[in-house]
Amino acid sequence: MRIGFVYTSNGWGGLEMNILKLAKELSNIGYTISLISNTNSTVYIKGKHLFDSIIQIMPRKKYLDFSTAKALGRELKAVGIEKIIVFDNRDIDVVAWTKRLYHRNLKIIYQQQMHIGLKKKDFYHTFRYRAIDYWVAPLRSLKREVLECLNYPESRIKVIPLSVNTDKFTTPKYTKPEARKLLKISPKSPLVGIIGRIAPKKGQLFLAESLLKLKKQGIATELLIFGSPTINDAECVQYFDTIKKFVADNNLSSVVHFVDFNEDVMSFYNAVDVFVMASESETFGMVTIEAMLCELPVLGTNRGGTTEILGGGEYGTLFEYQDYDDYCKKLITVLSNPKAAARTSRLGKHSAKIRFSLSNEVSQFDELLKSL
């Protein structure tokens, strides 16, 4: 079956990695996939070997871009594509007009990977979103968000969790000493770790400040910040500078370790004693699932998708966002009760293997595509 993947952004992160992962697996079971994007997109640059062809489009306007919609409809008809998967909310408008005006046989699946935010129940948004044949939400909480914020039929919303290559994370790649040697760190106290893009709402500064509060209580811990700010994002770069200044001003340089992001994420997971998801509201949180698969004790903010992924606290420990006292109390409990923490971690690993397997996501998408 020939299908199209629509993604016109030039970004690179978890969303883009998920797109390439799904493309690879669908290709492996016989799908021929054309990428609907542009040759400057990182998805194309890093994953062009996964796609049969590229249909180049570059939307000129956020709304009512009829010229791009017409060109897209013409190109899709020329190569015989009648089913597409859209991954970015910003691309929905142009593909909706493509279907409404220029390719009436087109079937659209949208895979949600971000929060909706504000309610959008006006006529225009309802008209636009109703062009989508199936809305794929990765969590039940996100399905509820769709029903609360949009006029979209519940019968056309499917909950299909994003997936992880479980085999990669369930078997350690390094021993703890090997991983720490590779990262050039030698912690002398329990090592708490956070991984991902360094940005204001991700919580790295909160963890550094919490470490200082723990130190004042006589609780010795260390922090590994594994990640980098977006280079061209002034806000992220300034935030990173603020963290480094806080560490230096409070004499924490020996216990806060910075490692630039690299593809060998197992060096991070195998090095830390506790994983923390400190984001304000993570939509899904692939790294939380990866940590669970590595059987790490997980602390996460009681917000967004993290709450559901951690089973309301059954598979990890939830703390209130930016609440220093609550976080420190929960971390001390985890460190003071290693047997209980290990038991929770085993449950988390088992849950993640079942709920977030790659084969589960691919089989459900295969079934959905064939049903159209």
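The legends below describe close-up views of a predicted model. Local features need pLDDT of at least 70 and side-chain atom pairs count only at pLDDT 80 or more, while totals for chains, interfaces and linings use all residues. Residues are numbered from 1 along each chain as its sequence is written, and side-chain values use heavy atoms, with hydrogens and water left out.

**View 1. Helices H9 and H10 pack against each other.** Helix H9 (residues 204-216) and helix H10 (residues 234-249) have axes 10 Å apart, at an angle of about 10 degrees. H9 is therefore roughly parallel to H10 (angles under 35 degrees count as roughly parallel). Axes are lines fitted to C-alpha atoms, for helices over the stretch in contact, and angles run from 0 to 180 degrees between N-to-C directions. Helices are DSSP runs (H or I, at least four residues), numbered from the N terminus. Contact (heavy atoms within 4.5 Å) involves residues of H9 including Phe 206 and Leu 212, and residues of H10 including Thr 242 and Phe 246.

**View 2. Thr 242 sits in helix H10.** Thr 242 is partly exposed, at 37% relative accessibility. Buried means under 20% relative accessible area, exposed over 50%, and partly exposed in between (1.4 Å probe, protein chains only). Val 136 is 106 residues from Thr 242 in sequence, and their C-alpha atoms are 38 Å apart.

**View 3. Thr 166 is a buried residue of helix H7 (residues 166-170).** The relative accessibility of Thr 166 is 14%. Beyond neighbours within four places in sequence, Thr 166 is in contact with Leu 293, Ala 352, Lys 353, Phe 356 and Ser 357.

Terms used
Helices (H or I, at least four residues) and strands (E, at least two) are DSSP runs, numbered from the N terminus. Angles under 35 degrees count as roughly parallel, over 145 as roughly antiparallel, 65 to 115 as roughly perpendicular and the rest as oblique.
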